[in-house]
Amino acid sequence: LDPNDKDCVSSFSKILGTMLPTKTNTYSKNENIKVIWLGPDEWLIVSDDDDAFLKLQNKIENLKASITDVSENRTIIRIRGSKIFVLLSKFLVLNLEKNLPTQSSCAQTLFVKVPILLVRNSNDTQRHEIDIFANRSHANYIYNLLIDGTKNLDL
């Protein structure tokens with residue numbers, strides 16, 4: 001949808017129950033849905049509700065917007081701990097402190113050579129929590145590299 005169409009953005013936000021993030025590399029959420037900014041006119045909506053796509057599709061019929069179900073496309077790997085920024089820095093050129101400064105931050109980058117989306121879930125510096133969104137075909141590769149990367153960390 002066009003982020004400059006204030007009525008459309010407002011309607012979509014009401015349907016989702018949370019504001020549609022228009023600020024670069026942020027997300028918004030409520031108890032059931034997380035809406036992640038991917039680009040100026042593109043968002044990823046994450047929900048545990050199996051019927052979320054159909055419900056959303058039915059409600060946006062009159063809006064100038066389109067949605068695509070990508071449920072089977074991505075795998076989410078959640079990592080937690082005080083050393084995950086150190087762990088991830090082994091595989092990323094992205095400065096996590098700068099690009100994921102607080103909860104509700106997200107960033108698209110490369111994990112080695114694999115495109116990923118990082119979503120920070122917590123502000124707790126002793127227990128950082130980040131979701132790594134990756135294509136299903138790369139998930140096992142990323143998982144194994146993360147496990148290997150923990151071997152030299154003082155845990």
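K151 is exposed, with a relative accessible area of 60%, where exposed means over 50%, buried under 20% and partly exposed in between (1.4 Å probe, protein chains only). The side chain of K151 forms a salt bridge with D148, the closest N and O atoms being 3.1 Å apart; a salt bridge here is a side-chain nitrogen of Lys or Arg within 4 Å of a carboxyl oxygen of Asp or Glu. D148 is partly exposed, at 45%. The model is predicted: local features need pLDDT of at least 70, side-chain atom pairs count only at pLDDT 80 or more, and totals for chains, interfaces and linings use all residues. Residues are numbered from 1 along each chain as its sequence is written, and side-chain values use heavy atoms, with hydrogens and water left out.

**Salt bridges**

- Side chains of opposite charge can pair when their charged atoms come close.
- By the rule above, the count comes to six salt bridges.
- One of them joins R136 and E72, with 3.8 Å from N to O.
- That pair links distant parts of the chain, 64 residues apart: R136 belongs to helix α5 (residues 136–149), and E72 to the loop between α2 and β4.
- Helices (H or I, at least four residues) and strands (E, at least two) are DSSP runs, numbered from the N terminus.
- Both partners are on the accessible side of the cut-off: R136 is exposed at 52% relative accessible area, and E72 is exposed at 60%.
- R78 and D131 form another salt bridge, with the closest N and O atoms 2.6 Å apart.
- R78 lies in strand β4 and D131 in strand β7, so this pair ties together parts that are 53 residues apart in sequence.
- R78 is partly exposed, with a relative accessible area of 45%, whereas D131 is buried at 3%.
- Salt bridges that share partners join R78, R80, E129 and D131 into one network.

**A buried lysine without a salt bridge**

- K34 lies in strand β2.
- K34 is buried yet has no salt bridge.
- The nearest side chain of opposite charge to K34 is that of D131, 4.0 Å away; Lys and Arg count as positive and Asp and Glu as negative, while His and the chain ends are not counted.
- The side chain of K34 does make a polar contact with the side chain of N121, at 2.7 Å.
- A polar contact is a pair of N or O atoms within 3.5 Å; within protein, one must be able to donate a hydrogen and the other to accept it, and residues adjacent in sequence count only if both atoms are side-chain atoms.

**Largest pocket**

- The largest pocket has a volume of about 1,000 Å³.
- A pocket is found on a 1 Å grid over the protein atoms alone, with a 1.4 Å probe, as an open set of points with protein on both sides within 12 Å along at least five of seven lines; lining residues have an atom within 4 Å of a point.
- Grid points are joined across faces, edges and corners, and a volume is the space filled by probe spheres set on the points.
- The lining of the largest pocket comprises 34 residues, of which L44, I45, V46, T68 and V70 lie nearest its centre.
- Two or more lining residues come from each of α1 (6–16), β2 (33–39), β3 (42–47), α2 (52–59) and β4 (74–81).
- β3 gives the most to this lining, with six residues.
- The lining divides into 19 nonpolar, six polar and nine charged residues.
- In this division Ala, Val, Leu, Ile, Met, Phe, Trp, Tyr, Cys and Pro count as nonpolar, Asp, Glu, Lys and Arg as charged, and the others, Gly among them, as polar.

**Second largest pocket**

- The second largest pocket holds about 280 Å³ of space.
- Its lining has 15 residues, of which I33, K34, V46, D48 and R78 lie nearest its centre.
- The elements that give two or more residues to this lining are β2, β3, β4 and β7 (128–135).
- β7 gives the most, with three residues.
- The lining of the second largest pocket divides into four nonpolar, four polar and seven charged residues.

- N25, a residue other than glycine, has a positive phi near 55°.
- N25 is in the loop between α1 and β1 (27–29) and is partly exposed, at 27% relative accessible area.
- S104, also not a glycine, has a positive phi near 80°.
- S104 is in the loop between α4 (96–99) and β5 (106–111) and is partly exposed, with a relative accessible area of 27%.
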